[in-house]
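Please read the following report alongside the sequence and the coordinates.

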There are 2 protein chains.
Amino acid sequence: MIKSIEWTEQGSVRLLDQTRLPGEQIYVECRDFVSMAEAIGAMRIRGAPALGVAGAAAMALGAQAIQAGDFEAFYAELATLGERLANVRPTAKNLTWGIEQIKRSALKWKELPLQALKEALVREAKAILEQDIQTNQAIGEHGKALITNGSRILTHCNTGSLATAGYGTALGVIRAAFAEMKRLHVLVDETRPVLQGARLTAWELQQEGIPFTLIADTMAGHFMKQGEVDLVLVGADRIARNGDVANKIGTYTLAVLAKEHGIPFYVAAPRSTIDLSMTNGEAIPLEERCPEEVLQIGGKPIAPEGTKAKNPAFDVTPSRYVSAIITEGGIAYPPYERSFCDLLRS
Amino acid sequence: MIKSIEWTEQGSVRLLDQTRLPGEQIYVECRDFVSMAEAIGAMRIRGAPALGVAGAAAMALGAQAIQAGDFEAFYAELATLGERLANVRPTAKNLTWGIEQIKRSALKWKELPLQALKEALVREAKAILEQDIQTNQAIGEHGKALITNGSRILTHCNTGSLATAGYGTALGVIRAAFAEMKRLHVLVDETRPVLQGARLTAWELQQEGIPFTLIADTMAGHFMKQGEVDLVLVGADRIARNGDVANKIGTYTLAVLAKEHGIPFYVAAPRSTIDLSMTNGEAIPLEERCPEEVLQIGGKPIAPEGTKAKNPAFDVTPSRYVSAIITEGGIAYPPYERSFCDLLRS
C-alpha cells in the first residue's frame, strides 16, 4: 500500500511529495514543525484525513522543540502552534481534529515529566496514523453495500491512500467494492486547478489495476446525460451538523448535475470530518488559494500576463443534494442531524 | 480589431495561429486546400462562425487547383473537397454552411469559363468573410438588450473576434454592451481541455479593456451559488430546429447550473448555425478529439503514462435550458421552432 505519511525510526516524518506526482516519486523528510507546516501549506500532503494525521504529526514534532519549565508554559506554546497550523488549511475539519487530539492528550498526561509527555505525544500521533487506516477500511466495508457489480462511478479530486494515511475514503469504498466485484469502472474528473484527479487518483487506480477513464471537469455533465454514470462518490473536508458538505471545488457542480439526472450522490468521510459546531455549511471557512494555481499549469502560464483569477479551493454542497454519507460507523441518510447523533454515539 | 483570418493580396489566406496564443502571435499563410484543412483540424482557426468563413476560403483555394475540362468534372472535384473538409470538424454547422455556399455559387455561375468561375469563388469567399463581421455586429446590437449595466456575465470557450472573422458572437454581445454601459464584469471559464477561455477569451478581453476574472471550470457552480453570476452567455456550433444547442464541452453543465440557480442562459450565434434538418440535438454529430488534449497541457503530461482519457469536444444542451438565442435577425425565444421560422423568413 502507498504510504502518504510515515514515521521514521529517527523520529522524523516522511511524506510522499504529492506535488511531484505522477512524474516523480519523491519523499520529503520533516524533522520539525516548520517543515511539516510548509509541506501542508504547499499541499505536498493533502486530503482531509491525511491532514488530520499530518496535523497530529506536526504538533507532536513541534512539541519536541518546546523549551518550557512547566506544563502550563509548555501547553501555551503547543496551543500557539495549533493555531498557526489550523490557519494553513482552514477548510478541512480533520486538520483541526488532529491538532486537538494532540492538545487533548497533552492535557490528559499533564502530570507526566515533560520529556515523557513529549514522547507520549509522538506515540499518540503514531496511533492516529494507524487508526486512520483502520477507519478507512471500515468506511470501505460499509460503503461497498451501495455499489453493485458493473457500476460506473464518477469521482472527483483524490480520496485514496494519498489523501489518507492509507486505503482511502471514497477511493477506499471503490477499492473494497472492486475486491469483491470485478466489473467496476471509474470516471476520474481531472479536478482543476491542482489536478488531483489526473495526477493522483489516476496514479492510484493504475497501481491497483482498477479500470478508469480520465475526463476534463467540463465533461461530467455530458457523460451523465449520456447515461454513462451510475453514481457519484466523493470525499469531504468538513461536514456540518445538517449534512452540508465542504469538499474540493467542483463537488457542488457534480451534486447539482447528479440531482438533475437522478443519479445518487454519495460522500465518504471519517466521523472526524463531521463538525457538530457548524449548524450548516454557510459557516464553514472556505480556503482561497493563490491565483497562480489557476493561471499556470506545471509552472507554465496558460493565460496572458496580467490576467486576474479567483481560486476558491472548496465549495459547499447543501445536504439536500447528498444521498448518503458513508462513515466508519455506518451509512448516514437524511435527515443527517439525527443520523449523525446515532453515528457519533456508537 | 483582431483578424483571425484574412485574404492576402497574393491570393493566399493568412490565419492567426490560435494554438500559439496567448504566448505567441504567429500567423500562418495557407496557399492551398490541404494547408487550410490542416489548420482547421489542428484548431489554428476555430469557433463556429470562423469555421464557416475558413471553410469557404478553403473551398475557394481548393477550386483554384482543380484541373478539369468542363464544369461537371470541376464540380465533382469541388464536392469531393467539400466532403473531406466537413469531416475534419463534424459538429459545427457553419463549416458545412461555408462549404455549401461555395458549391452553390459554383452552380449559380456554371456558365462562366472555368477560370472566371474560380475567380468568382474567391470573391464569394471574401464576401462571406465580410458578411460574417456585419452579422456579428448585428448579433451584438440585438443581444445587448438582454444585458443591464453592472451585469456579471459568465462565459465559456471563446466566441470573440478569434472565433469569427471579427467582432464575435457571445463576446460580440458583451463588446456591444460594454460600449454603452461601462460597468460589466466577465467571469471566464478556462474551458478545458483546450483552454480557449484562458488562452483566447482572456486575451481578447484584455485587449478590449473589458474587466474579467478567470476561473477553473470547476468553480462556475460555486460562484452561481454565491450570487456572483447574473447571466450565462455562450456561442453555439450547431442549433437544431427545436432549439437544442451543440456547443463546446462544458456548456451543458453551465446550463444545468444556470437553471438550478434561476439564472438566464443565453446563446448567441448567426442564423447559419441553425440546422433545420435536425429535428433535435440528438442527431448532431459530436466530434471526439484525441485523448492527448486531456492527457497533456502545453505538451506536458498531467496524468501517469498509460492513462486512458475521453475527449468529446462538444455537448448538447436541450432547448428547455436555453432562455433565448440571439441571432443577427433578432432574438429567438421558446418555442424555438416557431421563432426560427420567423427569423429565417426575415
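## Largest pocket

A pocket is here an open set of points on a 1 Å grid over the protein atoms alone, with protein on both sides within 12 Å along at least five of seven lines, and its volume is the space filled by probe spheres set on the points. In this predicted model, the largest pocket holds about 830 Å³ of space. Its lining comprises 34 residues, and those nearest the centre are Thr19(A), Arg199(A), Ile297(A), Gly298(A) and Lys300(B).

Several elements each contribute at least two residues to this lining: from chain A, helix H10 (292-295) and strand S12 (296-297), and from chain B, helix H10 (292-295), strand S12 (296-297) and strand S13 (300-301). By class, the lining of the largest pocket consists of 15 nonpolar, nine polar and ten charged residues.

## Second largest pocket

The second largest pocket, with a volume of about 670 Å³, is lined by 27 residues, of which Thr19(B), Arg199(B), Ile297(B), Gly298(B) and Gly299(B) lie nearest its centre. Two or more lining residues come from each of strand S13 (300-301) of chain A and, in chain B, H10 and S12. The lining of the second largest pocket divides into 13 nonpolar, five polar and nine charged residues.

## Confidence

For chain A the mean pLDDT is 96, with 100% of the residues of that chain at 70 or more. The model as a whole scores 0.95 in ipTM and 0.95 in pTM.

## Cysteines

Over all chains, a search of the whole structure returns zero disulfides. Cys157(A) takes part in none, since the nearest cysteine sulfur, which belongs to Cys290(A), is 16 Å away, whereas a disulfide requires sulfur atoms within 2.5 Å. Cys157(A) counts as buried because its relative accessibility is 7%, the cut-off for that class being under 20%.

In chain B, Cys290(B) is likewise in no disulfide, and the nearest cysteine sulfur, that of Cys157(B), lies 16 Å away. With a relative accessibility of 39%, Cys290(B) is classed as partly exposed.

## Surroundings of Ala246(A)

Ala246(A) belongs to strand S9 of chain A, which covers residues 245-248, and is buried, with a relative accessible area of 0%. When residues up to four places away in sequence are not counted, Ala246(A) touches Thr91(A), Ala236(A), Asp237(A), Arg238(A), Ile284(A), Leu286(A), Asp315(A) and Val316(A). The C-alpha atom of Ala246(A) is separated by 9.5 Å from that of Lys93(A), although these two residues are 153 residues apart along the chain.

Note on methods:
Residues numbered from 1 in each chain as written. Chains lettered and ligands numbered in written order. Predicted model: local features only at pLDDT ≥ 70, side-chain atom pairs only at ≥ 80, totals over all residues. Heavy atoms only, no water. 1 Å grid on protein atoms, 1.4 Å probe; cavity = no way out; pocket = protein on both sides within 12 Å on 5 of 7 lines; lining within 4 Å. Helix = DSSP H or I, 4+ residues; strand = E, 2+ residues; numbered from the N terminus. Nonpolar A, V, L, I, M, F, W, Y, C, P; charged D, E, K, R; others polar. pLDDT = per-residue confidence, 0-100. Buried < 20%, exposed > 50% of the residue type's maximum accessible area, 1.4 Å probe, protein only. Contact = heavy atoms within 4.5 Å.
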